[in-house]
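Please look over the notes below alongside the model. They go through a few local features, one at a time.

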Amino acid sequence: MNQENRLELVKKSLHVLVGQLQPTDSVGIVVYGSEGRVLLPPTSTEDKQAILSAIDELQPEGSTNAEQGLVLGYEMAARSFKPTAINRVILCSDGVANVGETGAEGILRSIEDYARKDIYLSSFGFGMGNYNDVMMEQLANKGEGSYAYIDTFSEARRIFTESLTGTLQTIARDVKIQVEFDPKKVDSYRLIGYENRDVRDEDFRNDKTDAGEIGAGHSVTALYEVKLASPVHAELGTVRVRYHHASTQKAEEISEPVKVQSTLAPDVTFLAAVAEYGEILRESPYAERSSLADVLKLAEATATGEEQLEFVRLVKDSMAIKRN
């Protein structure tokens, strides 16, 4: 954490989070260097200054014993558990565990039981370079929660203000999506991305299979590249969504036809530009005929809002780097 002002970004992010909480909420803080320790016992946000002062005291503490820090955090959450409240552990880290159980599997074994008791985990990765994205995602997956990467204060502000409810409140667990194309209408198709979230077809209705979680107000977008068997079809197949309702714990399933529109909506076109950019960066064989100039043209034509305009700037920076 003692690199590139990561810890200062963590402090600013937590200040934003605390500012969004209600007087009925409470916050406890655990830190972990070579070993974990409780910095602040569960404290009502009515005493907000005590919480903010504890955050300001945070400083790098040597090695990274993520396992012990998580165990202490979960134990604290369990002691303060309220059945009618959102009970959540929030992990802020660069993801680099180097003391204790340093692999995701070892750490996961110590937190799975808490997820079954409705204490969930949100993990937030900070910093560049040695930030371990894979490990942080695995922890959040097993903790039945969400994860995000934060490298700027504007991103922290978005996550902890605009998206706070969705970040903290899970409304659907083990969400699985299955798209079935009609072979008479679709010659071939390809899902772009999500390789590490693939669920076997036979496990779609296996309710013991672990899947993703959806927070209040969240949306999920999946892009498919499709080659049609013949010119235009209104319906190409069926999309099914299966999930456990967070409050009833019952499995529910809904389905809708996959429909094709004559023109793409601007937001979908923008997402296609983002996907093409990713394909180019990872030198995908599917992007051999694509260029950053193509991406920029699409993005500039459809970008709206701060985040999308930031992507346009990112593409321009990539083009400048490539020229040099």
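Which helix does F160 lie in? F160 lies in helix α7.

This is a predicted model, in which local features need pLDDT of at least 70 and side-chain atom pairs count only at pLDDT 80 or more, while totals for chains, interfaces and linings use all residues. Residues are numbered from 1 along each chain as its sequence is written, and side-chain values use heavy atoms, with hydrogens and water left out.

1. Surroundings of F160. With a relative accessible area of 0%, F160 is buried (buried is under 20%, exposed over 50%, partly exposed in between, using a 1.4 Å probe and protein chains only). Not counting residues up to four places away in sequence, F160 touches S13, V16, L17, Q20, F124 and I150; contact means heavy atoms within 4.5 Å. One of these, V16, is 144 residues apart from F160 along the chain, yet their C-alpha atoms are separated by 6.3 Å.

2. The open sheet. Three strands make up an open sheet in the order β3-β4-β5, with parallel pairing. β3 (88-93) and β5 (147-150) are at the edges with a single partner strand each, so one side of each has no neighbour in the sheet. From one strand to the next the twist averages 20°. Helices (H or I, at least four residues) and strands (E, at least two) are DSSP runs, numbered from the N terminus, and two strands pair if DSSP finds at least two bridges between them.

3. Pairing of β4 and β5. Strand β4 (residues 120-126) pairs with β5 in the parallel sense over 4 bridges. F124, one of the residues that F160 touches, has A148 in β5 as its bridge partner.

4. Helices across the sheet. Helix α7 (residues 153-162) lies across β4 and β5 and runs at about 150° to β5. Helix α3 (residues 66-79) lies across β3 and β4, at about 155° to β3. Axes are lines fitted to C-alpha atoms, for helices over the stretch in contact, and angles run from 0 to 180 degrees between N-to-C directions.

5. The hairpin. Strands β1 (residues 26-32) and β2 (residues 36-44) run antiparallel and are joined by 6 bridges. They form a hairpin with 3 residues between them. S26 has S44 in β2 as its bridge partner.

6. Helices α10 and α11. The axes of α10 (residues 292-302) and α11 (residues 305-323) come within 10 Å and cross at roughly 160°. Residues of α10 including L292, V295 and L296 meet residues of α11, among them F311, V312 and V315. By class, this contact has 9 nonpolar, 3 polar and 3 charged residues; Ala, Val, Leu, Ile, Met, Phe, Trp, Tyr, Cys and Pro count as nonpolar, Asp, Glu, Lys and Arg as charged, and the others, Gly among them, as polar.

7. Positive phi values. Most residues other than glycine have a negative phi. D118, in the loop between α5 (112-116) and β4, has a positive phi near 70°. D118 counts as partly exposed, at 32% relative accessibility. E283, in the loop between α9 (266-281) and α10, also has a positive phi, of about 55°. E283 is exposed, with a relative accessible area of 71%.
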